[in-house]
Amino acid sequence: MSDALVLGGGGVGGIAWITGVLAGLADAGQDVTGADLLLGTSAGSTVSAQLGSGLALAELYARQVDPALQSAEIMAVIDLDGFAAEIGAAASATASVPELRRAVGRAALAAPTVAEPRRRAVIESRLPSHGWPERALRIVAVDAESGEPRVFDKGSGVPLVDAVAASCAVPGVWPPVGIGGRRYVDGGVRSMANLDLVDAPDRVVVIVPMGLTEPFPSEQPVERSVRELRARGTEVVVVAPDEAARAAIGDNPLDPGTRVPAAEAGRTQGRALRLPWHLG
């Protein structure tokens, strides 16, 4: 019996909410963090790497709600409605989804952002351990020039901090990350969860801070991947924010001020969830 825990994108608010959901599930006797495989995209890459560090869930939760333990974030503002409109306009003028990803990558490479070392320091502060764990962990980013996904793992020869930074490099907000002569942007440019990149396990829990909506056109949206996995016999549970959690994450999930309310809302939601089975 093989299990996977798939964690999707959603900014610092999403990191906090996912952590809260995991803590709440554990409070209710439904700890899912022992899955055979962790697959993380963007915010989910951060939480996956944190889980891989071996730090207890209680400590990871405290790092979201205790100001003395919180990571040193940079305030960023993103207009989700305006961002979606820009992507929609680009999509209407683009022949294919891969071409759209390349267009997004070009825009990201040209956008003025904070310096890459400053952003990397933020990722360093988020991760309790900077080394890859022994357990199976995969982190998804997108090549800014080719538009193709890149799945990083322990065997990639890429530092964990760089892999997470690449997966979290929101186009136009954070700098693309240089790895091996290539530049990478947020894995959410391909899919908010990249669920199709798991190897057809028997059971999967998918936790998606932004719900099932894809901000970018995708050939593998979460809903399609869920259907395909279920058609192959995989049991899939999808956890998306409830109304209280959506309000806590708010309109700007990149705002560090969302961390405490999002974590608390996630923990409350996690405690109320009833999974048909446990992972690990």
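**Close-up 1. Contact between helices H1 and H3 in the predicted model.** Ile 15, Ala 16, Thr 19, Gly 20, Leu 22, Ala 23 and Ala 26 of H1 meet Leu 57, Leu 60, Tyr 61 and Gln 64 of H3, where contact means heavy atoms within 4.5 Å and helices are DSSP runs (H or I, at least four residues) numbered from the N terminus. By class, this contact has eight nonpolar, three polar and no charged residues, with Ala, Val, Leu, Ile, Met, Phe, Trp, Tyr, Cys and Pro counted as nonpolar, Asp, Glu, Lys and Arg as charged, and the others, Gly among them, as polar. The axes, which are lines fitted to C-alpha atoms over the stretch in contact, with angles running from 0 to 180 degrees between N-to-C directions, come within 9 Å and cross at roughly 145° for H1 and H3 (residues 57-65).

**Close-up 2. Packing of helices H6 and H7.** H6 (residues 116-126) and H7 (residues 160-167) pack with their axes 9 Å apart, at an angle of about 110°, which makes H6 roughly perpendicular to H7 (65 to 115 degrees). Arg 120, Ile 123 and Glu 124 of H6 make the contact with Val 161, Asp 162, Val 164 and Ala 165 of H7, a set with four nonpolar, no polar and three charged residues.

**Notes on the model.** Residues are numbered from 1 along each chain as its sequence is written, and side-chain values use heavy atoms, with hydrogens and water left out. In this predicted model, local features need pLDDT of at least 70 and side-chain atom pairs count only at pLDDT 80 or more, whereas totals for chains, interfaces and linings use all residues.

Notes: Helices (H or I, at least four residues) and strands (E, at least two) are DSSP runs, numbered from the N terminus. Angles under 35 degrees count as roughly parallel, over 145 as roughly antiparallel, 65 to 115 as roughly perpendicular and the rest as oblique.
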